Amino acid sequence: MKTKVGIIGGGPSGLLLSQLLHLRGIDNVVLEKHSREHVLGRIRAGVLEHGFAELMREAQCGARMDAEGEIHEGFHIAHDGIRSRVDLAAHTGGNSVLVYGQTELTRDLYDARDSMGGTVIHDAADVQPHDITSPRPYLTYRLGDEAHRIDCDYVIGADGFHGVSRRSIPRGALREFEKVYPFGWLGVLSRTRPVSPELIYARHERGFALCSLRSQVLSRYYIQVPLSDAVEDWPDEAFWEELKRRLPEDVAGELVTGPSIEKSIAPLRSFVAEPMRHGNLFLAGDAAHIVPPTGARGLNSAASDIYYLYHALADHYEKGEDAGLDGYSQKALARVWKAQRFSWWMTTMLHTFPDAIAYDQKLQQTELAYLLSSEAAMRSLAENYVGLPF
Ligand code: FAS
Ligand code: PHB
């Protein structure tokens, strides 16, 4: 098979790029190692920056997002038994975020690929990029026992943190920056009315908690847990009781509990691989960078990578200009590192660190006190949360 752009990974990054390229008449193929059901069985992000929402609309995939997603103009920070509202709209001249689950967004992208006759190959085993520094890279993969090859001009590694593409770059050509946090997030999805119409990020001496949602009948909650914990350590009852302990009393009193329909623990890490290009292989999304979800930047950082790549590839095929491709890594990393900073800042301010010295604990309290007392600090938080410009 021959195509212009070979995309490894059928998650949001790969699918969004595939859809945008298709609309510009740029032939591409997506290779996904898992089944569609498996990909759609993942529960991940829930908050979209306005830039991501715009890109989904440009990809002609925004209809259900706009119909079912919720515009949020603020969120709350709970601390010391009280709640302080962060007024995103007031601090950003009217900007907001869209609450719409990654699962649904990925479903919309798959549906759009199907309706436009896009080529998404599932259960593609042993995907391997070859000759990525040559002008004629190619991909090989297996479907069952049958070997296949795709010749292309460019390979996009949109295969997530554990994918094959970043590992295909010679060690000496890549610099990796990583910070692992000494805790994880235990997340629960429940068919219950959300405790709050807006998200609540709770800082508590017992640990961080987050009250989020997917709709008015589907709630998403998280509590910080030690890395040594396993999901089995947390029966639903124990989860709900611990969540209530970490919320202000008035909020805890309103919490509607119910059976978990999904429960998982995600470790928290910050990670960036530089550069995001090697020859004709381009890394995008989690394949190149990971953030702790505290700042809701993970999926949103993938969006700006895709925005830059889409325009760079369109310039190449439509105008014969390669400045976008040549400048991709530097441009993408500039925004990636700002998302890294914000995610690290939110995580450091709101979580309990088991080995923190007393001085650091005082600094952490002061960071929050300064934020809530300063118009300038709130404006900085708000502009990062709604999304810095692409
Ligand atoms: P993805 O990992 O989503 O997709 C990569 C795809 O490539 C997968 O479908 C995978 O099966 C496929 N693949 C991997 N290796 C392959 C190979 N060798 N061959 C072919 N295909 C291969 N972000 C937030 O903003 N908020 C959150 O609350 C949040 N929670 C998260 C919870 C968890 C447990 C995880 C893991 C991530 C979370 N994230 C969150 C971040 C997440 O949303 C990512 O940013 C987002 O999935 C990035 O999308 P992709 O870059 O497409 O990577
Ligand atoms: C979620 O709803 O899953 C969510 C929302 C905001 C975050 C992290 C996760 O910062």
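1. Tyr359 lies in helix α11, residues 358-373. Helices here are DSSP runs of H or I with at least four residues, strands are runs of E with at least two, and both are numbered from the N terminus. The model is predicted: local features need pLDDT of at least 70, side-chain atom pairs count only at pLDDT 80 or more, and totals for chains, interfaces and linings use all residues. Residues are numbered from 1 along each chain as its sequence is written, and side-chain values use heavy atoms, with hydrogens and water left out.

2. Tyr359 is exposed, with a relative accessible area of 57%. Exposed means over 50%, buried means under 20%, and partly exposed is in between (1.4 Å probe, protein chains only). With Ile357 and Leu363, Tyr359 makes a nonpolar surface patch of about 340 Å². Patch residues have over 30% relative accessible area and no salt bridge, and nonpolar side chains (Val, Leu, Ile, Met, Phe, Trp, Tyr) are joined within 5 Å. A salt bridge is a side-chain nitrogen of Lys or Arg within 4 Å of a carboxyl oxygen of Asp or Glu.

3. On the whole protein: it has twelve helices and 20 strands. Its radius of gyration is 21 Å, close to the 21 Å that the globule rule gives for 390 residues, so the protein is as compact as a globular protein of that length. The radius is taken over C-alpha atoms, and the rule is 2.2 Å times the number of residues to the power 0.38. Of the 390 residues, 55% count as buried.

4. One open sheet has three strands in the order β9-β10-β11, with antiparallel pairing. Its edge strands, β9 (125-130) and β11 (146-151), each pair on one side only. Two strands pair if DSSP finds at least two bridges between them; four bridges join β9 to β10 (residues 138-143). Within this pair, Pro129 stands opposite Leu139 in β10.

5. Two loop residues deserve a look at their phi angles. Asp131, in the loop between β9 and β10, has a positive phi of about 50 degrees although it is not a glycine. Asp131 is partly exposed, at 44% relative accessible area. Asp80 is found in the loop between β5 (74-79) and β6 (82-87), and its phi is near 50 degrees, again positive in a residue other than glycine. Asp80 counts as exposed at 67% relative accessibility.

6. A cis peptide bond joins Glu274 and Pro275, with omega about -15 degrees. Pro275 lies in the loop between β17 (260-274) and β18 (277-278).

Technical notes: Chains are lettered from A and ligands numbered from 1 in the order in which they are written. Patches are made of residues with over 30% relative accessible area and no salt bridge: like charges are joined within 9 Å, nonpolar side chains (Val, Leu, Ile, Met, Phe, Trp, Tyr) within 5 Å. Accessible areas come from the Shrake-Rupley method with a 1.4 Å probe; for residues, only the protein chains shown count as cover.
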